[in-house]
Amino acid sequence: MDILAKSLNENAVIAREKGIYPYFHELESRQDVEVVMEGKRRIMLGSNNYLGLTVHPRVIEAGVAALREYGSGCSGSRFLNGTLTLHTALERDLADFLKKEAVMTFSTGFQSNLGILSAICGKNDYIICDKENHASIYDGCKLSYATMLRYRHNDMAHLESCLKKVPESAGALIVTDGVFSMGGDVCNLPEIVRLARQYGARVMVDDAHGLGVLGEGGRGTADYFGLTDQVDIIMGTFSKSLASIGGFMAASADVVDYTRHASRPYIFCASIPPASAATAREALTILKEQPELPGRLASLSAYMRQGLKQRGIAIRDSETPIIPIYTCDAMTTLQVAKALYDAGVYVNPVLPPATPATDCLLRTSYMATHTEALLDEALDIIEDVVKRYVQ
């Protein structure tokens, strides 16, 4: 058999045939609340730019200044020639903000989970993983060679049953998203921490969608629950609230130092480019200066949830800026996404295997820089389109 004789997912093939293929639309403008995409204005309800800082003048200028001072790239890994003063300054700032001893940065958020899990866990260890965790966590589990046990989403009784299966001689790490990227719901961190302590496990929170969203001044899920000192590892990204690219691990100084010397995705990958490090650091500075930004984001998200409910649109309730709209089957979801796109609203269709076949959805997400007037315009379009397609 020819190893290159591969076939596309059936939904993708059918979507192309029907003219409702939803992927790889081209942006012709900045990532903002309104964008120009393929020649037309669209209201952006599909970005993870939660604080709207990708277009902030200070963030842009920080990137430009870093390009002038340090050039366009590092041409090496952090382990060798690729550590800049920008990297270490960003790590110190993040550690102080998150109230952890130390931080190390990775080149992407996806790579952060690969690098952390494969360094911390080995073939004699167990990783206990929420079923709805991000794909990068699953791939990190594979790379670690640890035994992975999955528990039903936010089901603490099932989590405990998994913990009971871990041999006393094995190390155990519970890994959970802080804010789940598709549903927008928040993990039951207090119970996770309690069970971890009871069964001698450690806790890691992927806070990619929690940083800048939850907690005092946007410090994330652990801070939101008052459990920062009881979460052993916090992972996060710069590609969302911090308006850049890259990722990080926050933990004790000993754990960070070990991971720096053991993580293959860290040791063998070029470091974050200067402009990306500088823009992330400036975005963090703005967040510290304007701790009201996450509150504004929460207010706008609540406004949108209320508007959708008032219009009879079926959503999964949450307290975050991720609001899923239920559209049931895959083809209906693709049709609704295309109709919304044509009407001037961009959203992200979510299909199997990311969801069950009968629970497909449109993932909408919001920014602190949206306005109520813009959301009202989007609500009118969503109501018109969804009620035409979803019974």
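## Aromatic pairs

Rings of Phe, Tyr and Trp, the last through its six-membered ring, are taken to pair if their centres lie within 6.5 Å. In this predicted model, six aromatic pairs are present. One of them joins Tyr-224 and Phe-225, whose ring centres are 4.9 Å apart and whose planes meet at 80°. Planes over 60 degrees apart count as edge-to-face, so the pair of Tyr-224 and Phe-225 falls into that class. Tyr-224 is partly exposed, its relative accessible area being 35%. Phe-225 is likewise partly exposed, with a relative accessibility of 29%.

Phe-238 and Phe-248 form a stacked pair, with 5.8 Å from centre to centre and 20° between the planes. This pair links distant parts of the chain, the two residues being 10 residues apart. Phe-238 belongs to the loop between strand 8 (233-237) and strand 9 (247-251), whereas Phe-248 lies in strand 9 itself. Because buried means under 20% relative accessible area, Phe-238 at 0% is buried, and Phe-248 at 1% is buried as well.

Tyr-21, Tyr-23 and Phe-24 are linked by ring pairs into a cluster.

Asn-348 is part of strand 12, which covers residues 348-350. The relative accessibility of Asn-348 is 18%, so this residue counts as buried.

A polar atom of the Asn-348 side chain lies 2.9 Å from the backbone oxygen of Gly-46. When residues up to four places away in sequence are not counted, Asn-348 touches Gly-46, Leu-361, Leu-362 and Arg-363.

## The largest pocket

The largest pocket has a volume of about 860 Å³. Its lining comprises 39 residues. Among these, Glu-132, Asn-133, His-134, Ser-181 and Met-182 lie nearest the centre of the pocket.

Several secondary-structure elements each supply at least two residues of the lining: helix 4 (109-120), helix 5 (135-144), strand 8, strand 12 and strand 13 (360-365).

Conventions
Residues numbered from 1 in each chain as written. Predicted model: local features only at pLDDT ≥ 70, side-chain atom pairs only at ≥ 80, totals over all residues. Heavy atoms only, no water. Phe/Tyr/Trp six-rings, centres within 6.5 Å; stacked < 30°, edge-to-face > 60°. Buried < 20%, exposed > 50% of the residue type's maximum accessible area, 1.4 Å probe, protein only. Helix = DSSP H or I, 4+ residues; strand = E, 2+ residues; numbered from the N terminus. Polar contact = N/O pair within 3.5 Å; in protein donor to acceptor, adjacent residues only side chain to side chain. Contact = heavy atoms within 4.5 Å. 1 Å grid on protein atoms, 1.4 Å probe; cavity = no way out; pocket = protein on both sides within 12 Å on 5 of 7 lines; lining within 4 Å. Points joined across faces, edges and corners; volume = space filled by probe spheres on them.
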